[in-house]
Amino acid sequence: MGYLDNILFTILLVIGFGYFYLNVKKIIRNINLGAAVNRKDNPKARWKNMAMIALGQSKMVRRPIAGVLHIIVYVGFVIINIELLEIIIDGLFGTHRIFAFLGTAYNVLIGSFEILAFLVLFAVTAFLIRRNIIKLNRFIHSDLKGWPKSDANYILYFEITLMTLFLLMNATDLHLQNIPGGYSHFIKAGSFPISQFIEPLFNGYSNGLVMLLSELFWWLHIIGIFVFMNYLYFSKHLHILLAFPNTYFANLNPQGQFDNLESVTNEVKLMMDPNADPYATPAPDENAVPAKFGASDIQDLNWVQLLNAYTCTECGRCTSSCPANQTGKKLSPRKIMMDTRDRMEEVGKNIDVNKGIFVPDNKSLLNDYITPEELWACTSCNACVEECPVNISPLSIIMDMRRYLVMEQSAAPTPINAMMSNIENNGAPWQYSQQDRLNWKNEI
Amino acid sequence: MSEVLIVPTMAEMLAQGKQPEVLFWVGCAGSFDDRSKKITKAFVQILNRANVSFAVLGTEESCTGDPAKRAGNEFLFQMQAMMNIEVLNAYEIKKIVTACPHCFNTLKNEYPELGGKYEVLHHTEFLKSLLDNGRLTIEGGQFKGKRITFHDPCYLGRANKVYEAPRDLIQKLDAELVEMKRSRANGLCCGAGGAQMFKDAEPGNKEINIERTEDALETKPDIIAAGCPFCNTMMTDGIKNKEKEGEVKVLDIAELIANAQDL
């Protein structure tokens with residue numbers, strides 16, 4: 001390789017990582033649009049969750065077929081990326097298989113990359129079949145119409161392309177390594193358990209052509225990786241990175257425990273305090289905007305809920321386990337997450353266009369994306385939370401939005417209003433007097 | 001039910017200068033709903049038989065606020081919670097048992113932050129501990145060999161990870177415990193949670209309780225065991241809808257134990 005190659009490669013590297021960095025900054029900015037919530041307590045339990053659930057994929061295998069296939073792709077992705085280090089060094093300095101000096105260890109490494117690449121091809125093909133031929137319910141669900149469906153397939157095609165290029169690159173390399181007496185800089189290095197079967201394809205081609213192909217495959221492979229990396233931000237595939245922080249910051253409390261709104265606690269305490277002076281002027285520091293109860297837009301959600309939205313990879317396990325969705329209701333927990341992300345992106349773009357300030361656009365997550373009908377269909381059963389392989393909680397968003405509907409808009413369904421006024425008046429959701437609570441004792 | 005139930009209230013206990021071992025939180029369903037009152041009575045029978053020193057709040061009990069909270073009315077929930085906590089703390093309550101998983105979850109998880117810190121047990125956990133301590137014996141009686149399937153209440157199971165206590169009790173009845181295809185962490189909701197009990201379902205193509213009843217019927221059970229008054233209602237309605245009320249009964253774990261012993 002001449003210097004031109006190295007310069008081209010450096011430019012590619014800088015553009016690839018530079019653009020990626022810009023988008024990561026945007027993601028962090030958007031997540032920080034959310035309200036504060038403390039998720040830094042108990043780091044031990046949090047690291048453990050991350051190790052078990054993100055790194056260890058423990059929740060994936062609850063559905064064994066998808067789980068095992070996913071682990072193959074995941075392990076493949078992580079391990080094969082070690083090779084990326086060599087590719088980047090080779091690209092920057094014009095070396096060729098810089099780690100070849102490792103000898104046997106190198107052979108083992110390259111050999112295992114190849115086997116993993118083959119397994120990834122197998123798994124990804126199975127994924128394509130599940131999505132497009134078997135058409136599993138959760139993949140043809142109405143939430144996924146249009147872009148999300150194509151996005152999912154593009155990711156799989158991408159992975160097939162990258163793995164194929166990796167194997168072709170090795171096959172041509174092997175072909176050149178095998179030329180008696182050696183050829184150019186193609187030293188004997190690596191073992192090729194898979195690409196040795198592809199290598200004969202290049203018999204009969206001139207050595208120069210095979211070398212050209214080899215370099216072409218090398219370049220396409222690394223360009224593909226950079227394109228894929230930068231595609232992440234625009235796709236549902238961010239989970240490969242965000243699954244880790246997402247499982248770390250996930251809720252550690254029992255799933256049945258919903259947070260007690262602090263702003264409400266203060267008001268209720270004041271109401272119940274017999275010594276409180278109802279005419280007292282509020283404490284002086286009040287430039288603060290009065291707190292809004294519940295959430296109608298993404299800024300009302302907390303930052304972990306927004307991180308959840310970026311992390312969601314739309315696998316649909318939540319929706320397929322949701323009792324409301326299974327019985328034909330409009331609610332889909334996956335759609336709650338997708339809507340939250342779409343709205344967050346919309347708000348983010350608004351901020352970009354308006355030089356860092358959000359200009360109200362007369363839209364909100366509530367109504368423009370998520371309808372009250374969806375929110376009221378939830379039974380709060382936690383099936384979606386339990387199912388999510390990366391501990392996303394669609395339920396917490398649903399509950400925050402119900403709070404807004406009830407406390408800010410008084411927009412509960414009529415029977416719910418009746419239930420609530422019963423509790424207020426007689427301490428039970430039905431119209432029975434509190435004085436009759438113990439009557440059962442004497443009834444036969 | 002022949003024997004007289006002994007149900008002291010906290011006020012009576014206090015008047016006698018006594019503190020019970022445990023407070024039985026009856027809950028709204030257990031107090032007012034005709035079907036659920038039978039569960040309440042069955043549980044009291046067992047407590048009486050096991051000589052457990054307990055008391056109820058009686059007319060001083062009020063809704064925990066669970067349905068209000070799940071509906072989104074945090075104000076009403078916290079009002080209820082703080083009023084209840086005042087009463088509970090005034091009686092210096094340390095330990096609470098309840099037959100309703102919704103009360104259980106709220107008291108256990110959501111009251112502590114508001115100043116109500118108690119040891120809270122679901123009645124199946126409490127019965128299991130009585131059994132383990134030799135204070136209660138369970139015989140199969142009429143349920144020997146019967147096929148019983150247990151429907152996990154969401155607020156007991158997923159919400160609080162109590163899966164085994166109710167199953168251990170069923171197995172003590174010498175009954176054949178059969179699992180539905182969706183059980184424990186994968187259990188399907190009965191359709192009542194999240195304040196759904198108090199409203200009509202949104203438009204769809206099926207009622208959730210029917211879907212769940214079908215799960216239960218697939219196991220060809222003699223009895224569907226429940227651990228929640230609301231699940232009990234939903235499953236009972238489902239069985240009626242399928243016109244199976246002659247063959248399949250829906251019973252609470254407390255009723256199974258009380259009936260087995262012919263209390």
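Biologist: How many residues of chain B are in contact with chain A?
Modeller: This is a predicted model; local features need pLDDT of at least 70, side-chain atom pairs count only at pLDDT 80 or more, and totals for chains, interfaces and linings use all residues. Residues are numbered from 1 along each chain, and chains are lettered from A and ligands numbered from 1 in the order written. Contact needs C-beta atoms, placed from the backbone, within 7 Å. Chain A brings 56 residues to the contact, and the count for chain B is 57 residues.

Biologist: Which element gives the most to the side of chain B that touches chain A?
Modeller: Elements are DSSP runs, numbered from the N terminus: helices are H or I, at least four residues, and strands are E, at least two. Those giving two or more residues are α2 (27-32), α3 (34-49), α4 (66-71), α5 (74-90), α6 (101-110) and α9 (208-218) of chain B. The top giver, with 7 residues, is α5(B).

Biologist: How many residues on that side of chain B are charged?
Modeller: Charged means Asp, Glu, Lys and Arg; nonpolar means Ala, Val, Leu, Ile, Met, Phe, Trp, Tyr, Cys and Pro; the others, Gly among them, are polar. The side of chain B that touches chain A has 24 nonpolar and 18 polar residues, and its charged residues number 15.

Biologist: Which elements do the buried residues of α4(A) pack against?
Modeller: Helix α4 (residues 104-132) of chain A has 29 residues and reaches 42 Å, close to the 42 Å expected at 1.5 Å a residue, counting one less than its number of residues. Its buried residues (20 or more other C-beta atoms within 10 Å) include Ile110(A), Phe113(A), Glu114(A) and Phe127(A). They pack against two helices of chain A, α3 (64-93) and α6 (147-177).

Biologist: How far apart are the end C-alpha atoms of residues 65-89 of chain A?
Modeller: An unreviewed UniProt entry marks residues 65-89 and 154-172 of chain A, among others, as "transmembrane region". Residues 154-172 are 100% helix, with ends 27 Å apart. Residues 65-89 are also 100% helix, and their end C-alpha atoms lie apart by 37 Å.

Biologist: Why are α10(A) and α13(A) called roughly perpendicular?
Modeller: The axes of α10 (residues 303-311) and α13 (residues 333-353) of chain A come within 8 Å and cross at roughly 100 degrees. Leu306(A), Asn308(A), Ala309(A) and Tyr310(A) make the contact with Met337(A), Thr340(A), Arg341(A) and Met344(A). Because angles of 65 to 115 degrees count as roughly perpendicular, that is the label for α10(A) and α13(A).

Biologist: At what angle do α9(B) and α10(B) pack?
Modeller: Residues of α9(B), including Asn209(B), Ile210(B) and Arg212(B), meet residues of α10(B), including Met234(B) and Met235(B). This contact has 5 nonpolar, 4 polar and 2 charged residues. With α10 of chain B at residues 229-241 and the axes 8 Å apart, the packing angle is about 80 degrees.

Biologist: Which residue just after α3(B) takes a positive phi?
Modeller: The 16 residues of α3(B) should span 22 Å, and the end C-alpha atoms are 23 Å apart, which agrees. Buried residues here include Ile39(B), Phe43(B) and Leu47(B). Their cover includes α2, α7 (123-132) and α10 of chain B. Just after α3(B), a positive phi of about 55 degrees belongs to Asn51(B).

Biologist: What share of residues 22-108 of chain B is helix?
Modeller: An unreviewed UniProt entry lists residues 22-108 and 148-235 of chain B as "domain: Cysteine-rich". Residues 148-235 are 31% helix and 10% strand. Residues 22-108 are 11% strand, and their helix share is 61%.

Methods:
Axes are lines fitted to C-alpha atoms, for helices over the stretch in contact, and angles run from 0 to 180 degrees between N-to-C directions. Angles under 35 degrees count as roughly parallel, over 145 as roughly antiparallel, 65 to 115 as roughly perpendicular and the rest as oblique. UniProt positions are given in the numbering used here, feature names are shortened, and annotations may be inferred rather than shown by experiment. A residue is buried if 20 or more other C-beta atoms lie within 10 Å of its own, exposed if 12 or fewer, and partly exposed in between; C-beta atoms are placed from the backbone.
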